[in-house]
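Student: I have a structure open on my screen and would like to learn how to read it. Could you take me through its features one at a time?

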Amino acid sequence: MVWARRFWLRLQTLVRRERAAERLDDEVQFHLEQQIAENIAAGMTREEACHAAMRAFGNSSLLKEETRDAWGWTWLEQFASDLRYGLRMLRKSPGFTTIVVLTLAFGIGTNTAIFSMANALLLHPYRFHPLHSLVLLWESRGIDEGPDSRWISPATQPTFAPTYRCSRTSQPINAAISAFLRKAESMWRTAAAFPRIFLPF
Amino acid sequence: MGKPNDLVQGTLDLLILKTLSLESKHGWAIAKRIQQISGEVLQVQQGSLYPALHRLEQKAWIKAKWKETETGRQAKFYSLTGAGRAQLEKEAQNWSRLSAAINLVVETT
């Protein structure tokens, strides 16, 4: 309960800071008036009473500031004013600002691009779920030639295409199928002619 | 003697909590009360009460309410919360321990 109350109070002094500051002014004003009244009752003139009251109170603007510090938002106010100052300075020298922004943009962009690549190629090279049910299909011509044979040879593309389409439409397996081919230069890529088709069974 | 800076750190909190333990009071009345009870020895600089009051309020040891005084003016009255009462007990015990210990040291010849 105590923490809830603390949270509520802090929120109040944040959201209604102006109001809280006004209230503090009232509070201090009331205090001074009380003291002045007492001083007058003790036989001082009004002016003397005012001075004496203020002396007894101390430096009121400093003390009010200390009180506002007690609300615990000074850091935020300082941060906000630093931020405003920074923005003002940036606006004053647009050339510098442009260079800074471009440098940052380039730096962040490059980092993101390189990380995305490293993430995909090095950190998560096999993103299949589940990996153990990943299979490679290829056509057999009666002798086992291995996966290097017809599925992935450009030379056999004409026969491989119908097979692929057939597997796509008739396979009862709970899976996604995609085709790829290897070019003569040994560069692997997803076959443009056979776009990745994911079958949601 | 007795500017607040000379008070042992945290003592002002204890004095405020103790002063509020009987009834709710506004800032000026708290200052007066501390002055009177201490036989004018503790001349708390009145303004320095307010940072302390607001700090204690933020800690939920005291709560504040705007009420009318006898003179019909609005004033902020502070009173002790349950947590404040517990804190008062704790700080009072600490204070007795500390002052007893200091007494021992000072009076031992």
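Student: Which residue in the turn of the β2(B) and β3(B) hairpin has a positive phi?

Tutor: Before we start, keep in mind that this is a predicted model. The residue you want is Gly72(B), with a phi of about 85 degrees. Five residues lie between β2(B) and β3(B) in this hairpin.

Student: How many bridges join β2(B) to β3(B), and in which sense do they run?

Tutor: The general idea first: strands of a sheet pair through backbone hydrogen bonds, either parallel or antiparallel. Here, β2(B) and β3(B) run antiparallel and are joined by seven bridges. To find your place in the pairing, look for Trp66(B), which stands opposite Lys76(B) in β3(B).

Student: What does strand β1 of chain B pair with?

Tutor: Strand β1, residues 25–26 of chain B, pairs with β3(B), again in the antiparallel sense, over two bridges. A handy landmark there is Lys25(B), which stands opposite Tyr78(B) in β3(B).

Student: In what order do the three strands of the chain B sheet lie?

Tutor: The order is β1-β3-β2, and the sheet is open with antiparallel pairing. The edge strands of chain B are β1 and β2, each of which pairs on one side only.

Student: Is strand β3 of chain B mostly covered or uncovered?

Tutor: Mostly covered. Strand β3 spans residues 74–80 of chain B, and six of its seven residues are buried. When you read that word, think of a relative accessible area under 20%.

Student: What share of each chain is buried?

Tutor: In chain B, buried residues make up 46% of the 109 residues. For chain A, the figure is 21% of 201 residues.

Student: Now for charges. How many salt bridges does the structure hold?

Tutor: For a salt bridge, look for a side-chain nitrogen of Lys or Arg within 4 Å of a carboxyl oxygen of Asp or Glu. Over all chains, the structure holds eight. One of them is formed by Lys76(B) and Glu27(A), with the closest N and O atoms 3.8 Å apart. Lys76(B) lies in strand β3 of chain B and Glu27(A) in helix α2 (residues 17–41) of chain A, so this pair joins two chains.

Student: Are Lys76(B) and Glu27(A) buried or exposed?

Tutor: Both come out as buried: Lys76(B) has a relative accessible area of 10%, and Glu27(A) has 4%.

Student: Which salt-bridge network includes Lys76(B)?

Tutor: Lys76(B) is linked with Glu27(A) and Glu57(B) in a network of salt bridges. The side chains of Glu57(B) and Lys76(B) meet at 3.4 Å, N to O. That pair links distant parts of the chain, with Glu57(B) in helix α3 and Lys76(B) in strand β3 of chain B, 19 residues apart. Glu57(B) is buried, as is Lys76(B).

Student: What does Asp13(B) form a salt bridge with?

Tutor: Its partner is Arg55(B), and the closest N and O atoms are 2.8 Å apart. Asp13(B) sits in helix α1 (residues 11–20) and Arg55(B) in helix α3 (residues 49–58) of chain B, so the pair ties together parts that are 42 residues apart in sequence. Asp13(B) counts as buried at 7% relative accessibility, while Arg55(B), at 32%, counts as partly exposed.

Student: One last feature. Which residues form the positive surface patch?

Tutor: To be in a patch, a residue needs over 30% relative accessible area and no salt bridge. The members here are Arg5(A), Lys63(B), Lys65(B), Lys67(B) and Arg85(B). Strand β2 (residues 62–68) of chain B supplies the largest share, three residues. Arg5(A) comes from helix α1 (residues 2–15) of chain A, and Arg5(A) is partly exposed, with a relative accessible area of 32%.

Definitions and conventions:
Residues are numbered from 1 along each chain as its sequence is written. Chains are lettered from A and ligands numbered from 1 in the order in which they are written. This is a predicted model: local features need pLDDT of at least 70, side-chain atom pairs count only at pLDDT 80 or more; totals for chains, interfaces and linings use all residues. Side-chain values use heavy atoms; hydrogens and water are left out. Patches are made of residues with over 30% relative accessible area and no salt bridge: like charges are joined within 9 Å, nonpolar side chains (Val, Leu, Ile, Met, Phe, Trp, Tyr) within 5 Å. Accessible areas come from the Shrake-Rupley method with a 1.4 Å probe; for residues, only the protein chains shown count as cover. Lys and Arg count as positive and Asp and Glu as negative; His and the chain ends are not counted. The place of a charge is taken as NZ of Lys, CZ of Arg, CG of Asp or CD of Glu. Helices (H or I, at least four residues) and strands (E, at least two) are DSSP runs, numbered from the N terminus. Buried means under 20% relative accessible area, exposed over 50%, partly exposed in between (1.4 Å probe, protein chains only). Two strands pair if DSSP finds at least two bridges between them.
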